[in-house]
Amino acid sequence: MREGHPNTLEVHVDATDDRLVIRPVGEIDLSTSPSLRASLQTALAGGTCPVFINLAAVPYMDSSGVATLVEALQICRRAKRDLSLVQLTDRVLSIFTISKLDTVFTICDDMNC
Amino acid sequence: MTATQTQAGLALELDAAPAMLYIIRDRVSTWCRLEGVETTHTDRICLAIDEAAANIIRHAYSGAPGSLRLTGVSLKADDRHQLILTLEDDGKQVPLDTIRPRDLACVRPGGLGVHLIREVMDEVCWTHRPAGGTTLKMIVDVTSLTTPDTKESTHA
């Protein structure tokens with residue numbers, strides 16, 4: 001039973017001189033996407049190095065999560081910064097495919113893309 | 001023609017709150033699994049229901065307290081297997097002609113929910129109830145997406 005175990009999301013940020021890696025952990029839906037949005041806006045403020053959002057630990061994402069990532073992409077484009085989504089699970093990749101955003105984002109198997 | 005409605009349907013009444021989406025997905029997933037729907041399609045059905053419930057929270061109630069009711073019926077007839085899912089709310093009635101998918105060529109945040117629901121479901125119909133609130137009826141044919149073993153056992 002999931003009652004009593006609210007959906008929670010952690011967002012880990014690892015910034016080095018040559019890249020920024022953001023790693024959300026948990027399911028992303030209408031209840032957790034505001035937390036992701038706030039974390040992304042803070043992490044993406046300033047800086048020019050490439051951004052990698054590692055989604056390996058995100059088993060589920062709905063359209064509110066996709067909208068949050070579209071916002072992040074727009075922030076990066078304005079700053080002329082590369083943003084890549086890496087290590088998507090099949091379930092999460094499918095929402096990008098269904099919404100035809102798999103060609104808008106750079107989606108990679110690992111951070112060597 | 002023979003039709004069998006499974007005994008153990010899906011029936012949920014919950015607060016229309018973002019924190020409830022997690023529970024809705026869990027219950028829909030469990031029900032689909034019991035009905036023998038294969039995992040990939042179960043995931044898609046959960047996504048569609050999540051999007052429909054999220055739309056109620058955002059647009060029918062605009063974040064105010066309210067409730068939503070979800071029912072699911074599994075219908076098997078002449079080797080076809082359909083799931084019929086109904087989602088009801090008592091919130092504000094949004095004009096039905098405004099509930100439509102947006103142009104995906106325009107890359108912007110938001111507005112994908114209706115597109116996702118229509119992509120997953122074979123039939124989708126929103127209606128206003130005279131007493132207030134909205135009913136969303138969704139039908140998905142899972143005939144080719146049901147694992148044979150479970151299909152046999154649920155027919156028994």
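How many bridges pair strand 3 (residues 51–54) of chain A with strand 4 (residues 83–86) of chain A, and in which sense do they run? The close-ups below start there, all taken from a predicted model.

**View 1. Strands 3 and 4 of chain A, side by side.** Here the two strands pair in the parallel sense, over 4 bridges. To get your bearings, pick out Phe52(A): its bridge partner in strand 4 of chain A is Ser84(A).

**View 2. Stepping back to the whole sheet of chain A.** The sheet is open and has 5 strands, in the order 1-2-3-4-5, and its pairing is mixed. Strand 1 (10–15) and strand 5 (106–108) of chain A sit at the edges, each pairing on one side only. Going from one strand to the next, the twist averages 20 degrees.

**View 3. Where chain A meets chain B.** On the chain A side 21 residues are in contact with 22 residues of chain B. Helix 2 (63–78) and helix 3 (90–98) of chain A each put in at least two residues on the side that touches chain B. Helix 2 of chain A gives the most, with 6 residues. By type, this side of chain A splits into 8 nonpolar, 5 polar and 8 charged residues.

**View 4. Inside the largest nonpolar core.** This core holds 62 residues, and the ones with the most contacts inside it are Ala48(B), Ile49(B) and Ala53(B). Helix 2 (residues 39–60) of chain B provides the largest share of the core, 10 residues.

**View 5. Zooming in on Ala53(B).** Leaving out residues up to four places away in sequence, Ala53(B) touches Leu21(B), Ile24(B), Leu68(B) and Leu87(B).

Terms used. Residues are numbered from 1 along each chain as its sequence is written. Chains are lettered from A and ligands numbered from 1 in the order in which they are written. This is a predicted model: local features need pLDDT of at least 70, side-chain atom pairs count only at pLDDT 80 or more; totals for chains, interfaces and linings use all residues. Two residues are in contact if their C-beta atoms, placed from the backbone, lie within 7 Å. Ala, Val, Leu, Ile, Met, Phe, Trp, Tyr, Cys and Pro count as nonpolar, Asp, Glu, Lys and Arg as charged, and the others, Gly among them, as polar. Two strands pair if DSSP finds at least two bridges between them. Axes are lines fitted to C-alpha atoms, for helices over the stretch in contact, and angles run from 0 to 180 degrees between N-to-C directions. A nonpolar core is a set of buried Ala, Val, Leu, Ile, Met, Phe, Trp, Tyr and Cys residues joined through C-beta atoms within 7 Å. A residue is buried if 20 or more other C-beta atoms lie within 10 Å of its own, exposed if 12 or fewer, and partly exposed in between; C-beta atoms are placed from the backbone.
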